[in-house]
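Reader: I am new to this structure and would like a close look at a single part of it. Please take one residue, describe its surroundings with care, and then connect that place to the chain around it.

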Amino acid sequence: MVEGSPSAVAVNITENPYLFKPAAWTVEPGTVITWNHLTDVPHTVISDPGTPPGGPNSDGQFPEGLKKGDAYSWTVPDDAKPGTTWFYHCRFHGKPGDGKSLGTGMVGTIQVKPMK
Ligand SMILES: [Cu+2]
């Protein structure tokens with residue numbers, strides 16, 4: 001996917017307070033999501049326990065967390081079903097939910113567009 005195409009979206013990691021911005025995206029399967037790290041302290045993008053397998057997890061690429069200037073990209077699986085929802089959190093600044101609801105602190109949501 002080409003950056004800037006409708007199939008690519010971005011989440012900025014910002015400070016004061018630490019946030020994923022926007023905190024929620026609703027996207028089509030195959031969308032590339034890129035988290036851009038813009039603060040001075042490390043952050044992570046980790047799917048909450050209980051969310052569907054194959055969700056975002058920056059630890060594979062950035063085991064110590066993303067640092068300033070890093071970007072982590074994850075592609076929504078092509079076979080993801082409408083309405084599939086991944087709640088995620090930063091393991092330094094957020095608390096995961098139970099897989100069915102959003103956690104607290106530095107958290108976000110990626111949802112596959114529900115059926116019309
Ligand atoms: Cu963080």
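**Around Val-76**

Author: In this predicted model, Val-76 touches Val-27, Glu-28, Pro-29, Gly-30, Thr-31, Ile-33, Trp-86, Ile-110 and Val-112, if residues up to four places away in sequence are not counted. Val-76 also belongs to the largest nonpolar core, a set of 20 residues, and is listed with Phe-20, Ile-33, Trp-35, Trp-74 and Ile-110 as having the most contacts inside that core. Two of these core residues, Ile-33 and Ile-110, are among the residues that Val-76 touches. The elements that give two or more residues to this core are strand 1 (8-14), strand 4 (32-37), strand 6 (71-75), strand 7 (85-95) and strand 8 (104-112). In soluble globular proteins, nonpolar side chains tend to be buried together.

Of its 116 residues, 41% count as buried, and among the contacts with a separation of 6 or more, 64% are between residues 24 or more positions apart. The C-alpha trace spans about 40 × 35 × 25 Å along its principal axes, and the radius of gyration of the protein chain is 13 Å, which agrees with the value near 13 Å for a compact globule of 116 residues.

How values were computed: Residues numbered from 1 in each chain as written. Predicted model: local features only at pLDDT ≥ 70, side-chain atom pairs only at ≥ 80, totals over all residues. Heavy atoms only, no water. Rg over C-alpha atoms; globule rule 2.2 N^0.38 Å. Buried < 20%, exposed > 50% of the residue type's maximum accessible area, 1.4 Å probe, protein only. Contact = heavy atoms within 4.5 Å. Core = buried A, V, L, I, M, F, W, Y, C linked by side-chain atoms within 4.5 Å. Helix = DSSP H or I, 4+ residues; strand = E, 2+ residues; numbered from the N terminus.
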